[in-house]
Amino acid sequence: MKLVLHTVRWLLVASVVGGAGGSIHHVAGAEPAAVAGTQVLKWKDGKQAVFLLAFDDSAPSQLRNVIPELEKRKLAGTFYLVTGNGLYLNLRPKWEAAAKSTSVVIANHTFTHKGATNVADLDRELGKGNEVIYALHPERKQPRLVGFGKPGGVPWTVSKEEVQAALEKHHLVDRPPFYGPPMHYKSAAEMVAAVDAAIQKGDMGHMDFHGVGGDWLVTPTEWFTALLDKLEASQDRVWITDVVSWHQYVTERRTAELKQLPSDAGIFRLELSCQADPAFYDLPLTLSTQVPADWKKVSVTQGKNSAVALVRNGQAQYAATPGGGPITLQRSE
Ligand SMILES: [Zn+2]
């Protein structure tokens, strides 16, 4: 019944020539924004869940045992580097090279990992960490969002509010609290089960590491590769990404607005916006639009971007950037 209704709405929309723009439907809560047959999907590419991999402390074993395994499977992880201590400085050329890998997203784990006992300390630790991280990619825009992981086991006597203000000042995205092997997961099977749990919940799951196959708080290499094999095999259902992309997608989706624009016969136009600052929140969202039953492919255009979307179950699924200009859908042969 719902499908039929959508189709009727679609046909009505498609037959309006130069009519007035449609209604705006803004949903601020967990429900994705939707307008007459189009909705923002919960996760990128319509996947069922998200999974984040985090690696702390610039542990050298990550260069040896983590990055090559991620690259082999074309997966990505977030590396929370401590960029002002001897450990990092000794391996600096290797980390600089690793930062160029598409499997590596660099994040801020403070400059020295010595903690923060006052606001000035905190500001310096975050600011100097960001300076090194920005210098790894001079070609990328500045400022931009960078992931943040609070260092554990060190004095941290700044208030929640002070941390929040400092993170905002430095455009840092706080990650979910550390949870990983060998403390919280005691076997490869438990780690693999965490992926299934995320799929079952349809939500974000994450796994956080120190050393892998060496260094400290060590995860055995076999446990780690078992998790990666599971993630690789689950890629059709799980979006494996970095902390900033996850945060951008959720923030944009939660404040997304869809507006129907005047449409001609066979051409559907709409606009996507969100309340987040486009200077920092420019990740494309995945949209799904109900199209007439006989459409097999849909040509989607937004600004300079053009793509052909396949239709599955009467739905065209495609990427669109909030604030990226009008989106046009039409039948493609
Ligand atoms: Zn740490």
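Modeller: Helices and strands here are DSSP runs, numbered from the N terminus, a helix having at least four residues and a strand at least two. With those elements in place, P182 falls in the loop between β8 (172-174) and α7 (188-201), and in this predicted model the peptide bond that joins P181 to P182 is cis, with an omega of about 0°. A cis peptide bond also joins Q142 and P143, where omega is about -5°, and P143 is placed in the loop that runs between α5 (119-136) and β7 (146-148). As background to these cases and to the phi angles that follow, most peptide bonds are trans, and most residues other than glycine have a negative phi.

Turning to phi, H113 is a residue other than glycine with a positive value, near 60°, and H113 belongs to the loop between β6 (104-108) and α5. H113 has a relative accessible area of 18%, and because buried means under 20%, H113 counts as buried. D215 is not a glycine either, yet its phi is positive at about 70°; the loop that holds D215 lies between β9 (204-209) and α8 (221-233). For D215 the relative accessibility is 35%, and since partly exposed covers the range between the 20% limit for buried and the 50% limit for exposed, D215 is classed as partly exposed.

Key:
Residues are numbered from 1 along each chain as its sequence is written. This is a predicted model: local features need pLDDT of at least 70, side-chain atom pairs count only at pLDDT 80 or more; totals for chains, interfaces and linings use all residues. Side-chain values use heavy atoms; hydrogens and water are left out. Buried means under 20% relative accessible area, exposed over 50%, partly exposed in between (1.4 Å probe, protein chains only).
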